[in-house]
Amino acid sequence: MGKRIGMEVAVAVAEAVGLCNIDMAAVYPITPQSHIAEHLSDLVADGRIDAEFVTVESEHSAMSAVIGASGAGARSYTATSSQGLMYMHELLPIASAMRLPICMAIANRAVSGPLNILNDHTDIMPQRDSGWISIFVENGQEAIDMSIMSFKIAEHKDVMLPVNVNIDGFQLTHMVEPFEMPTQEEVNQFLPPFVPHATLHPSKPVTMGAFAMSDYFAEIMKAKDEAIKNSKKVIVDVWDEWAKMFGRKYQPVETYQVEDADVLMLTMGSMGETAQIAIDELRAKGVKAGLVKLRLWRPFPLAEIKAVLKNVKKLIVTDRAISFGGPGGPVFSEVKSALYAEAKRPLIYNYIYGLGGRDMAVKDFAGMFEKVLADTTNQESDTYEFWGVRE
Amino acid sequence: MALKTWKELPIGCVVSEPGSASEYHTGSWRSQRPIWKNEKCIKCGICYVYCPEGCVQQTEDGFFQANLDYCKGCGICAHECWPHAISMVEEG
C-alpha cells in the first residue's frame, strides 16, 4: 500500500506518470498545466526516471513529437490546457486514427476569447469527436489513479487508442490534497510493458498515417468508431482491477442518493463534490435529491446513463461549456439523445455554469434543485440557462 | 484486388509493404495528357525536372515521355517547356 502524502495535484500527476516507466514526454507549459511540465522535466533532469523530455516550441510540436515517439514504440506522454489543446487539435484525430496509445493530461481551462486562464470545459468539448478516450476526474486522488490507469487502457491490445484525462484547472491542479501515491513496485505490478501494434524501425519498414481515398476512408472511420466503442469493456476491466489492488473503485457513471430520488443532477469533473454537499443539505430538508457523476465522456456510457436516468421524473444536466446557437450544453445534448428512445424519460433541465472560473457554491447547486422543483408547469424543461448570469 | 472490409484493415492502417504506393495508379485522376512534339524538343529535360510526380522519363533516343500510369495531367511540363514542344490534349 502506498504512502499517504500531501502534495499539489499537478505535481502529484507528474509523480504518478513518473512511476509509469514512460520513455518520453513532450510537454509545452501552459497555465494551469505548467507544474506538470515543470515537474516531469525535473524528474528527467534529476535522473529519477529514465526518459527523454523533449523541449518543444509549441503544443502542435508536442503532439507531433509524441505521435512520432509512440509510432517508434515509446511509451509517450504529454499534457496541455486550453489554447494549447486547441493548437493540438488537428493532430488529435491523427493520433487516434494511427491507433497510438498516447496519454495526455488536460488541465481544463476556458478557451479564449476573451482571454481567461481559469477553469471550465470549453477546451475539451471541441475535441470531442477526435477519437480519443476522454475521462473526467473529480479530485486529486482520481487524477493520480486515472493517469496511471490511462497507460494500461490505451496500450491494451483491444484498445490501442490515445487517452486524455481531464483535470479541472486550478480547482484541482493547484490544490494541495492528501492522497495515497502507489509505490513503484505496485505500479510495476499493475502496468505491463508497452507492446506496440507496429513500430517504425529500419529493419522492418512500415508506413504509418498513409493516404486513403473514398474507397477506404469510410471503412477506416468505422474501424475507429468500433475500436473506441469496444474500449469501454477494457476501461471497466482496468478500473475493476485497480479496485482489487488499491481499493478505490471507479465506474463510467457514479451515483449518489439516486434510489428514491425525485430529481437528479448530473455533473462532470470537480464540481461533483460541491454538488454532493448540496444533495446532503437538501436531503436534510426532506428533498429527495440525488447526484449522477459522469466519469467517462468518450466512449459515452449510453447503457449506464439510460439505466440510471430513465425512471427519474426530473433531471438537471450541468454543463461547463456551451454550443453556441445549438441545443444547449454538450453534456445536455448527449444525455437527451441517449434518453430519446426510452418510453419513460425525465424532464431535462440544463444549466451552463462555472464558465471562465466563475465560482460555484453549495447554494448555487441547491438553487438549481429548488428552481427545477418550483417549475410545476414544466415550462423550463428542455431549455438551457446560464446560471447566475447578470440580467 | 478486392477491397478490404473494415474488419480486415490492419490496426491503425499500417502499411507493411514498402513501396506499395506504386500500385496506386494516379493516372486515373487525369483529364488531359501531355503530348510531346519531338521535332520541337531540344532535349533540355526541363519537363523531367519540373514534373512533380517524377513520371517523365527519358527514352533511349533522348526524347521524353510521361508514364501515363502516374501522370495526373497537371500540365506543369507543358507550361515550363519553353520551346513549346508539349501540348495538353483532352482525354477521350
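Author: Begin with one residue and its contacts. In this predicted model, E59(A) is in contact with Y28(A), T80(A), G84(A), Y87(A) and M88(A), leaving aside its neighbours within four places in sequence. E59(A) belongs to helix 3 of chain A, which covers residues 59–71.

Reader: Is E59(A) counted as buried or exposed, and why?

Author: Burial is judged by counting the C-beta atoms around a residue, and 20 or more within 10 Å make it buried. E59(A) has 27 C-beta neighbours inside 10 Å, and therefore counts as buried. For a sense of distance, F179(A) is 120 residues from E59(A) in sequence, and their C-alpha atoms are 30 Å apart in space.

Reader: How does one read a whole helix, and which residues of helix 2 of chain A are buried?

Author: One may look at its span, its buried residues and what covers them. Helix 2 of chain A (residues 34–45) has 12 residues and reaches 16 Å from its first C-alpha to its last, close to the 16 Å expected at 1.5 Å a residue. Its buried residues are H35(A), I36(A), A37(A), H39(A), L40(A) and L43(A). The elements covering them include helix 1 (9–18), together with strand 1 (3–8), strand 2 (24–26), strand 3 (52–54), strand 4 (76–80) and strand 5 (103–108) of chain A. After helix 2 of chain A comes G47(A), with a positive phi near 70°.

Reader: What is the general idea behind a nonpolar core, and how many residues has the largest one here?

Author: In soluble globular proteins, nonpolar side chains tend to be buried together. The largest nonpolar core in this model has 119 residues, and V13(A), I167(A), L266(A) and I316(A) have the most contacts inside it. Helix 6 of chain A (residues 140–155) gives the most to this core, with 8 residues. Domain 1 (3–246) and domain 2 (253–386) of chain A both contribute residues, so the core lies between them.

Reader: Which residues does V13(A) touch?

Author: Not counting residues up to four places away in sequence, V13(A) touches I36(A), A105(A), A143(A), I144(A), S147(A) and I167(A). I36(A) is also among the buried residues of helix 2 of chain A. A second, separate core has 11 residues, including C51(B), A66(B), C71(B) and C81(B).

Reader: How are the two domains of chain A to be read against each other, and which element gives the most to the side of domain 1 that touches domain 2?

Author: The C-alpha centres of domain 1 and domain 2 of chain A lie 28 Å apart. Across the boundary, 26 residues of domain 1 are in contact with 20 residues of domain 2. On the domain 1 side, strand 6 (133–136), strand 7 (163–168) and helix 8 (214–246) of chain A each supply at least two residues. Helix 8 gives the most to that side, with 5 residues.

Conventions. Residues numbered from 1 in each chain as written. Chains lettered and ligands numbered in written order. Predicted model: local features only at pLDDT ≥ 70, side-chain atom pairs only at ≥ 80, totals over all residues. Core = buried A, V, L, I, M, F, W, Y, C linked by C-beta atoms within 7 Å. Buried ≥ 20, exposed ≤ 12 C-beta atoms within 10 Å, placed from the backbone. Helix = DSSP H or I, 4+ residues; strand = E, 2+ residues; numbered from the N terminus. Domains from an automatic or database assignment. Contact = placed C-beta atoms within 7 Å. Expected span 1.5 Å × (residues − 1).
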